[in-house]
Amino acid sequence: MDRIIKALSEELNQKMVYIENVVKLLDEGNTVPFIARYRKEMHGSMDDTTLRNLETRLNYLRNLQQRKDEVLQSIENQGKLTDELKASVEKALTLAEVEDIYRPYKQKRRTRATVAKEKGLEPLATAIFAQDGSDPMELAQTYVDPEKGVNTVEDALSGASDIIAEMISDDADIRKALRQKMESRAILQIEAVDPETDSVYRNYYAFSCPVSRLQNHQILAINRGEKENFLKVSITLPGNEGQALVCRKALKPTMYVSQFVKAAAEDAYNRLIAPSAERELRSTLTDRAGESAIANFALNLKPLLMQRPVKGFVTMGLDPGYRNGCKVAVVDATGAVLDTNVVYPTFSQRKQEEAIAILSRMIRKHGVQHIAIGNGTASRETEAMTVQMLKDLPGVSYVIVNEAGASVYSASKLAAEEFPEYDVNLRSAVSIARRLQDPLAELVKIDPKSIGVGQYQHDCPQKRLDEALGAVVEDCVNAVGVDLNTASVSLLQKVSGLNATTAKNIVAYRQENGAFTGRNQLKKVPKLGPKAFQQCAGFLRVPESKEILDHTGVHPESYQAAQLLLQLCGYDKKDVSAGNLTELSERAAKLGICEVASRCGVGVPTLEDVIKELMKPGRDPRDELPAPVLRTDVLEIKDLKPGMVLSGTVRNVIDFGVFVDIGVHQDGLVHISQVCSRKLRHPSEVLQVGDIVKVCVLEVDEKRKRISLTMKNIPEQK
């Protein structure tokens with residue numbers, strides 16, 4: 001375990017004591033959000049991303065150690081374990097290295113070498129491989145034995161060659177050297193299965209690229225093209241480098257070069273090593289690309305979930321459509337459904353006028369201030385109708401909302417339980433309205449893979465993708481905090497320490513006993529024990545509680561410290577409720593933060609968090625983010641001209657650029673080379689989903705519905 005702690009400390013550049021503390025906390029069943037928020041003193045205030053990376057690497061290193069132990073035990077059971085071999089296994093840094101070392105001792109399926117060994121030819125192979133100048137023909141004479149199936153000297157030498165080839169193939173040093181050579185020198189080459197067939201993979205029909213320069217999105221695209229039988233892929237080393245490397249490693253550096261061993265080494269490379277090395281390299285590239293895609297998805301998902309909510313307004317949700325019409329839902333400031341309808345603005349001019357009349361009445365009746373329009377089918381026509389309608393409704397604005405996953409949610413069991421009285425189509429309109437009001441609370445109901453901010457997510461390892469995205473959702477929910485009396489089961493089960501069962505029990509308790517009046521009531525919820533209470537309490541807000549600290553992110557274990565802090569700084573709890581703590585931070589600083597922390601019995605990081613919470617009780621970190629772009633006019637792709645400067649919202653950040661919503665049905669692409677003047681390794685270095693950016697139109701292709709944008713050298717608008 002000490003070795004793992006040391007390795008993690010070096011990888012993450014963190015003190016060993018912090019790593020040791022985090023490992024202990026994780027092993028005790030503490031969640032990452034709880035550790036990140038309420039155990040800062042123990043880990044030096046690492047953020048949740050670093051802690052997630054630590055947890056992932058810890059699991060890998062533990063699995064690696066477990067495999068090492070299994071391999072050593074297996075070799076020892078065979079009576080072949082030496083101190084040198086044990087040291088090699090212990091020094092291995094990856095599972096691939098461990099498997100290379102174990103290869104000669106692993107039980108194999110029946111091979112040509114296995115057959116030759118059964119004929120008693122292993123001593124002959126060993127003698128020839130010694131390369132001491134002996135003539136293989138002479139050595140083979142004594143191994144001719146028709147009863148064993150060795151009828152001639154040639155039979156004996158053929159069997160010996162097979163054994164030597166497998167010995168060379170099983171050499172861990174040779175495989176490691178070849179792996180490194182292929183990673184740095186190999187060329188990936190592609191040709192089309194049928195060059196005459198058009199496809200989205202046409203750019204790869206005659207493609208060649210050094211493996212070391214392959215982009216992750218290219219790897220996943222190539223894999224998909226190969227799987228769909230459009231592409232044929234191969235990996236080779238230039239010239240004869242691979243075979244030369246194997247021969248150089250296998251042949252002894254003497255004046256007499258054994259041509260027999262050289263031929264066996266070439267056979268080993270061509271028949272055994274090269275195909276295996278190519279498969280391994282393809283697998284490594286795929287794993288790398290998959291991890292990159294997962295990381296990119298997680299990177300985009302976090303700002304999407306953390307978009308600034310448009311709270312406190314009656315909102316209308318419009319789910320556009322042609323044949324089934326435009327579904328309408330009006331929700332109040334808390335998200336409760338007030339009214340629903342279906343209109344058909346795309347059927348005819350008369351139907352559009354009728355739709356405007358119906359929607360206008362609903363807006364006036366319920367005091368709608370914002371309209372959320374889904375960006376799917378018929379959204380452009382719906383947007384145009386909305387703009388026309390808003391001319392007679394001053395003060396009302398609209399927002400185009402990404403509706404990815406809304407249909408998945410509306411047809412789900414969860415939606416049926418939440419809205420049993422509404423049609424599937426109307427549920428999606430409710431979801432779209434709520435997405436504007438509180439994106440996080442609504443999006444947690446949907447499988448993150450359906451939200452539409454990833455790239456090649458279906459080509460990634462699904463279990464690993466689910467784990468990574470689930471971690472992002474969990475971190476976002478706990479960073480914001482949850483209202484214990486209004487949160488849905490979907491939202492509650494993402495809270496640290498809670499699961500589907502305890503979340504359902506909380507809602508059931510709420511329905512049976514009325515609203516919670518304090519955090520301590522959680523202890524009465526069935527199956528919510530002391531450990532779960534410790535993990536979840538700080539992330540659950542109870543605005544109805546008489547205890548003002550229940551409204552904040554202060555953990556119950558720090559209530560006494562918070563009270564002492566207030567006393568030391570000349571305040572009491574009434575000042576918290578009244579919002580009179582504007583000087584709390586300054587007063588604590590004058591007394592000395594370290595001194596105050598010591599007198600309150602907490603660490604400095606915890607004290608600083610308590611001060612922030614008391615100064616802004618119930619604060620929502622999302623309120624500090626840019627607000628959505630509210631529109632009152634419509635823009636169509638035909639209106640776009642090169643040189644136009646527009647404001648837009650970043651919708652997706654991928655390897656080769658960012659997609660920006662500029663108020664047209666089709667998002668525009670800012671290629672990575674057009675993001676800024678300096679060279680970027682990835683657009684996420686400067687942009688994230690939800691950012692409001694200024695862009696200039698470079699090119700518009702109406703036929704292919706492609707818009708090219710730039711963020712560089714944007715002309716000043718007069």
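The model is predicted, so local features need pLDDT of at least 70 and side-chain atom pairs count only at pLDDT 80 or more, while totals for chains, interfaces and linings use all residues. Residues are numbered from 1 along each chain as its sequence is written, and side-chain values use heavy atoms, with hydrogens and water left out.

**Overall build**

- The protein's secondary structure comes to 30 helices and 15 strands; helices (H or I, at least four residues) and strands (E, at least two) are DSSP runs, numbered from the N terminus.
- Along the principal axes, the C-alpha atoms fill a box of roughly 105 × 70 × 50 Å.
- Of the 718 residues, 48% count as buried; buried means under 20% relative accessible area, exposed over 50% and partly exposed in between, with a 1.4 Å probe and protein chains only.
- Among contacts (heavy atoms within 4.5 Å) with a separation of 6 or more, 65% come from residues 24 or more positions apart.

**Aspartate 100**

- You will find aspartate 100 in helix α7, which covers residues 95-102.
- Aspartate 100 has a relative accessible area of 4% and is therefore buried.
- Setting aside neighbours within four places in sequence, aspartate 100 is in contact with Asp170, Ala172, Arg175, Lys176 and Arg179.
- Arginine 175 is 75 residues away from aspartate 100 in sequence, yet their C-alpha atoms are 7.1 Å apart in space.
- The side chains of aspartate 100 and arginine 179 make a polar contact at 2.3 Å. A polar contact is a pair of N or O atoms within 3.5 Å; within protein, one must be able to donate a hydrogen and the other to accept it, and residues adjacent in sequence count only if both atoms are side-chain atoms.

**Helices α12 and α15**

- Helix α12 (residues 172-185) packs against helix α15 (residues 259-305) at an angle of about 55 degrees, with the axes 11 Å apart. Axes are lines fitted to C-alpha atoms, for helices over the stretch in contact, and angles run from 0 to 180 degrees between N-to-C directions.
- That angle is why α12 and α15 are oblique to each other; angles under 35 degrees count as roughly parallel, over 145 as roughly antiparallel, 65 to 115 as roughly perpendicular and the rest as oblique.
- On the α12 side, the meeting residues are Ile174, Arg175, Leu178, Arg179, Met182 and Glu183, and their partners in α15 include Tyr269, Leu272 and Ile273.
- The residues of this contact divide into eight nonpolar, one polar and five charged. Ala, Val, Leu, Ile, Met, Phe, Trp, Tyr, Cys and Pro count as nonpolar, Asp, Glu, Lys and Arg as charged, and the others, Gly among them, as polar.

**Helices α29 and α30**

- Helix α29 (residues 593-600) and helix α30 (residues 604-615) pack at about 95 degrees, with their axes 9 Å apart, and are therefore roughly perpendicular to each other.
- Ile593, Cys594, Val596, Ala597 and Cys600 of α29 make this contact with Val604, Leu607, Glu608 and Ile611 of α30.
- The contact of α29 with α30 has eight nonpolar residues, no polar ones and one charged.

**Positive phi**

- Most residues other than glycine have a negative phi.
- Alanine 378 has a positive phi near 70 degrees, and sits in the loop between β7 (370-374) and α17 (379-390).
- At 4% relative accessibility, alanine 378 counts as buried.
- Lysine 527 also has a positive phi, near 70 degrees, in the loop between α24 (500-513) and α25 (530-536).
- Lysine 527 is exposed, with a relative accessible area of 70%.
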